[in-house]
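Good morning, and thank you for the time. I would like to take the group through the sheet of one model and the helices packed on it.

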Amino acid sequence: MAASTKLLLGSGLCHRLAQLTRSLHTQPAQLSSFRSSKEVQSLEQYPEVEPVESAAAWKFVERLLPPQTVPRPVAKTDYPSGWQPQKSDGSESGYFVARTKNHMVPVYLHTRFRGQRRITVVRRVQGDIWALEKDLRAVVEQARNGKLCATRVNELSGQIHIHGDYVDVLREHLKAKGF
């Protein structure tokens, strides 16, 4: 008899909890969207604003604004992070790997099937993409102790896909070549 009482009490609590959660979901959310904000009123309701046109004060505003473009990196002999500026224009090798707008080498890792398949992607390739693929395949096979690796070239988009995680190896190789 005690077990049936607990069961009834338990189901009653569950029913009450379900009612409470339903009522919470039907109430309008406060401060969560534009619908809960106040409506726009006439201009007379708002305080007067006078624009200040002072060149001396504008310099404080300019430093808060984001830059329009990514600034050119300062030329140094050695950077603490290991980053290297692009040195080569690709004229001697026949191909060129352009840096991103943030001056980074465009080598990425794509993972598929819950991390089971890893594909290294080299983007922004210009020129003889097949020669670059041959060079990168040789670098990867050397890192794999002579084992063959699978590659795929997409000439239209200027991308090379290499089966496996070789992002660090290929970034260092491209930096060493001046890209």
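Let me begin with contact, which here means heavy atoms within 4.5 Å. Helices (H or I, at least four residues) and strands (E, at least two) are DSSP runs, numbered from the N terminus. The model is a predicted one, in which local features need pLDDT of at least 70, side-chain atom pairs count only at pLDDT 80 or more, and totals for chains, interfaces and linings use all residues. Residues are numbered from 1 along each chain as its sequence is written, and side-chain values use heavy atoms, with hydrogens and water left out.

First, the sheet. Two strands are taken to pair if DSSP finds at least two bridges between them. On that basis there is an open sheet of 4 strands, in the order S2-S3-S6-S5, with antiparallel pairing. Strand S2 (107-112) and strand S5 (151-154) are at the edges; each has a single partner strand, so one side of each is left without a neighbour in the sheet. From one strand to the next, the twist averages 20°; axes are lines fitted to C-alpha atoms, for helices over the stretch in contact, and angles run from 0 to 180 degrees between N-to-C directions.

Now the individual pairings. S2 is joined to strand S3 (residues 117-122) by 6 bridges, and Val107 has Val122 in S3 as its bridge partner. Val122 in turn is bridged to Ile160 in S6, within an antiparallel pairing of S3 and S6 over 3 bridges. Ile160 also stands opposite Val153. Between S5 and S6 there are 4 bridges, and Arg152 is partnered by His161 of S6. These two strands form a hairpin with 4 residues between them, where Gly158 in the turn has a positive phi of about 70°.

How many residues of S6 are buried? The count is 4 of its 5 residues, where buried means under 20% relative accessible area, exposed over 50%, and partly exposed in between, with a 1.4 Å probe and protein chains only.

Finally, the helices. Helix H3 (residues 129-143) lies across S3, S5 and strand S6 (159-163), at about 25° to S6. Helix H4 (residues 167-176) lies across S2, S3 and S6, and runs at about 165° to S2.
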